[in-house]
Amino acid sequence: MRPQLPTLDLVPLYPLLVVTGWAVLVLLADLFVQHKRALGYLALTGVIVAAVVTVALWPGVPTSFQNMAISDGQALFFNLVFLVTGALGLLVAIEYLERKDLQRGEYYALLMFSLAGMIAMAAAEDLLIVFLGLEMMSVALYVLSGSNQRDMSSIEAAMKYFILGSFASAFFLYGIALTYAAAGSTNLAQIGSWLSGRGIPKDPVALTGLSLLLVGFGFKVALVPFHWWTPDVYQGAPTSVTAFMSVGAKAAGFATLTRVLYSAFSPTFTTDWVTVAAVLAAVTMTFGNLAALVQRDVKRLLGYSSIAHAGYVLVGIAAASPVGVRGMLFYILAYAFMTAGAFAVACAVERREQSTTTLADYAGLAQRSPLLAAAMLLFMLSLIGIPPLIGFWSKLFVFRAAVEANLAWLAVLGVLNSALSAYYYAGVVVQMYLREPGRSPAEEVAFRPWRSALAVAVFLAAAATVVLGLWPGAVVNLLMGV
Amino acid sequence: MAIPLSWWLTVAAALFAIGLYGVLSRRNAIGVLLGIELMLNAANINLVAFWRFITPQALTGQVFAIFVIGIAAAEAAAGLAIIISAYRRRRTVVVDELDTMRW
């Protein structure tokens, strides 16, 4: 008797298949292609193809792949965020690796594998896919952060990221095992219906599982008190990697966290995780902003700032409402452009022989390359949340969702935090516009849009920050269909 | 004589705790990696035990454990590569000595 193969509805997973297949293609092409720069453009083509496929699939279908994957609007929206981040990360890397003499084919392949992991995470409807996607993304990122073998801080970043990341994965897996025990399934929707239906009310096993899952997520998206690896890894890793992972890994973590909380642990445990998320959000944004105040290194400063922004995103999740989810989605899109853009500028300013940039390197940037400084100014203003830039709307949406969910104290704390953050973002602006350049100014790549890939990335991110800030309705309309 | 579920869970919890202690107390990166592997395998014992006692009709737990074994191998391979590159550069695999970045 021939074994009966299950029907696999693969069409909704085409973006994932395109990215994975293309990553293998890049890896193979690496054997024959001498000019590694071309591989970067090959990878970029794959990302664009995947983005086209994602748009073609809009508005998506509920479930596929034997109920293990989900390709609804939310998953497709996250796909677009990852692919935009991947494209920016590739554009930045093509030029940055050239300057640093690190141009190698496997960088582009690893970046695409990590992208595939992120897409799998956003599409996961089963804890198995969640774990698979998480590890696929993380292992590729561990190796990418250590890709500058000549630089000790890059290797140190990889080591710290690997040890703490896999430590977190172990907690995460134990949490999965306990959740499976409580609900008898690893399918998120089935866990949800079991826990709210036939399960024991407030099952302690499920509650322990949820806590361990939250610890794992907390590490991946860098929530206080699980954030200790973040500043070191963001500072030590090659800046092009930081630009990609600071956005991609965080967005993927939040994509799955939302899915797990809203689908598997609602409504039975909603009150529990809302409290935890609200407290974590408050602690995370406050600590991130306070620690960023005293930083002298721009990559480290942006690292702490990214912790603070994870706190703001969590405010949207804590609201536990469709408005909150839409706010969170908008926030992640805004964060992708602002942060990837800011790290792209950091790539441009960075000297050839060192892996970090101090604030002093930005002194007089406005005179040396006015366009680069103007772009950085936009990103900083948007990160503070100045209207009409995209960062303003993203904060407005999550804070409004918090107020509607009777979490007004969290919204007030968020606004106070934004005011606090203005201090260190403005510090970067002051360096660029009001300080004289030092004796040996950093040698930025000349900012020539359409001539250099890095400049294109900065230009695209800056354009999105302004355009989507002036017309946020375009994204909001898209999100209403999610 | 069948061994009850609680015994399996106790062994798994003990293994997890030993692994956790190893990660927190070892200064050698390879020792830390061993601790992490113990923690992952503790979760594996749980998955298989829950499959046997809770959902014997569906293979979820077993299949999950097989996936985890594969993933753990990939993770260990990447981790050892990182440890080797640190050793080449600094002639040490002691985690505390990798401290060029401080806040």
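This is a predicted model: local features need pLDDT of at least 70, side-chain atom pairs count only at pLDDT 80 or more; totals for chains, interfaces and linings use all residues.
Trainee: Why is B:Gly19 counted as buried?

Mentor: Buried means under 20% relative accessible area. B:Gly19 has 0% relative accessibility, so B:Gly19 counts as buried.

Trainee: What is B:Gly19 in contact with, leaving aside its neighbours within four places in sequence?

Mentor: B:Gly19, which lies in helix 1 (residues 5-25) of chain B, is in contact with B:Gly35, B:Leu38 and B:Met39.

Trainee: Why is helix 3 of chain A called roughly antiparallel to helix 18 of chain A?

Mentor: Helix 3 (residues 73-100) and helix 18 (residues 453-470) of chain A pack at an angle of about 150°, and their axes are 7 Å apart. Angles over 145 degrees count as roughly antiparallel, so helix 3 of chain A is roughly antiparallel to helix 18 of chain A. Their crossing is left-handed.

Trainee: Which residues meet there, in helix 3 and helix 18 of chain A?

Mentor: Among them, A:Leu88, A:Leu91 and A:Val92 are on the helix 3 side, and A:Leu454, A:Val456 and A:Leu460 on the helix 18 side.

Trainee: What makes helix 5 of chain A mostly covered?

Mentor: Of its 19 residues, 16 are buried. Helix 5 (residues 127-145) of chain A reaches 26 Å from first C-alpha to last, close to the expected 27 Å.

Trainee: What caps the N-terminal end of helix 5 of chain A?

Mentor: A:Asp126 does, with a side-chain oxygen 2.9 Å from the backbone nitrogen of A:Leu128. A polar contact is a pair of N or O atoms within 3.5 Å.

Conventions:
Residues are numbered from 1 along each chain as its sequence is written. Chains are lettered from A and ligands numbered from 1 in the order in which they are written. Side-chain values use heavy atoms; hydrogens and water are left out. Helices (H or I, at least four residues) and strands (E, at least two) are DSSP runs, numbered from the N terminus. The expected span of a helix is 1.5 Å times one less than its number of residues. Buried means under 20% relative accessible area, exposed over 50%, partly exposed in between (1.4 Å probe, protein chains only). A polar contact is a pair of N or O atoms within 3.5 Å; within protein, one must be able to donate a hydrogen and the other to accept it, and residues adjacent in sequence count only if both atoms are side-chain atoms. Axes are lines fitted to C-alpha atoms, for helices over the stretch in contact, and angles run from 0 to 180 degrees between N-to-C directions. Angles under 35 degrees count as roughly parallel, over 145 as roughly antiparallel, 65 to 115 as roughly perpendicular and the rest as oblique. A crossing is left-handed if the near helix is turned anticlockwise from the far one by less than a right angle, and right-handed if clockwise. Contact means heavy atoms within 4.5 Å.
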